[in-house]
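Let's look at how two parts of a protein meet.

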Amino acid sequence: MAYSGHSHRVRLFLSLLGLDYESRPVSLRDGEHLTEDYKKINPFGKIPVLDDDGLLIRESNAILVYLALKHGAKDWYPVDDPARAAEVQMWLNVAANDVLQGPARAWIATMFIPDENAVREGLEASRKLLGIMDRHLEGRDWLAGNGPTIADVANYSHISKGPRIGFELEDWPNVLRWQRNIEALPGFIAMPTPENY
Ligand SMILES: N[C@@H](CCC(=O)N[C@@H](CS)C(=O)NCC(=O)O)C(=O)O
């Protein structure tokens, strides 16, 4: 689903790694993710899922880990350095929890399932998250260590939708700089915004 931030983080990483893939759309609007056929692919009824020659991997962050390890992209997931690997993991958890409660919640409630309370709470959680990220990124270009990792990829997609959901990164200049660093990477692809949904 083109407008899913969880799916975009996977497509973004595939593109950064220069890997070929076939994208299979799943219509959330038509409830395709809730069908028995789809639940054989992901019993949790969520997208995205990676199918690598029959090996099914669900959970976007697990897909990022898999792709980095499978394709020898150790800079992107530095498993040989325990401290840095843990730092990447910490930020993957932020992407799975705080980004979900913040910008992802506000994005869904603004664009797809209108819900004013969810927008308000999602924006409140986004501001808290962005404040923490901004302090962390003071004097740093990337979330974990001196180069880009899957932690940056996982956190990027929903945060990039700020202007559509009610925040501008001008208030968090270090996060804005970090976002531009990601957008300057070779192979970067933006997350699309629906015109009419
Ligand atoms: N933890 C999952 C979350 C995936 C997720 O929430 N996907 C949304 C679309 S962005 C979804 O499938 N929503 C359908 C639903 O919850 O019914 C991951 O990282 O892949």
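Four residue pairs make polar contacts across the interface of domain 1 and domain 2, with both partners at pLDDT 80 or more. That confidence score is there since this is a predicted model. Salt bridges are another matter: the count between domain 1 and domain 2 is zero.

Where does domain 1 touch its partner? Helix H1 (5-16) and helix H3 (60-70) are the elements that give two or more residues to the side of domain 1 that touches domain 2. Of the elements on this side, H1 gives the most, with seven residues.

Now step back to the whole protein. Its two domains are domain 1, covering 5-70, and domain 2, covering 82-183. Their C-alpha centres lie 21 Å apart, and the contact takes 11 residues from domain 1 and 11 residues from domain 2.

Here are the values for the pair of domains:

| Item | Value |
|---|---|
| Distance between C-alpha centres of domain 1 and domain 2 | 21 Å |
| Area buried between domain 1 and domain 2 | about 960 Å² |
| Share of that area from carbon and sulfur atoms | 71% |

How values were computed. Residues are numbered from 1 along each chain as its sequence is written. This is a predicted model: local features need pLDDT of at least 70, side-chain atom pairs count only at pLDDT 80 or more; totals for chains, interfaces and linings use all residues. Side-chain values use heavy atoms; hydrogens and water are left out. Domain bounds come from an automatic or database domain assignment. Contact means heavy atoms within 4.5 Å. Buried area is the accessible area (1.4 Å probe) that two parts lose on being put together, summed over both. A salt bridge is a side-chain nitrogen of Lys or Arg within 4 Å of a carboxyl oxygen of Asp or Glu. A polar contact is a pair of N or O atoms within 3.5 Å; within protein, one must be able to donate a hydrogen and the other to accept it, and residues adjacent in sequence count only if both atoms are side-chain atoms. Helices (H or I, at least four residues) and strands (E, at least two) are DSSP runs, numbered from the N terminus.
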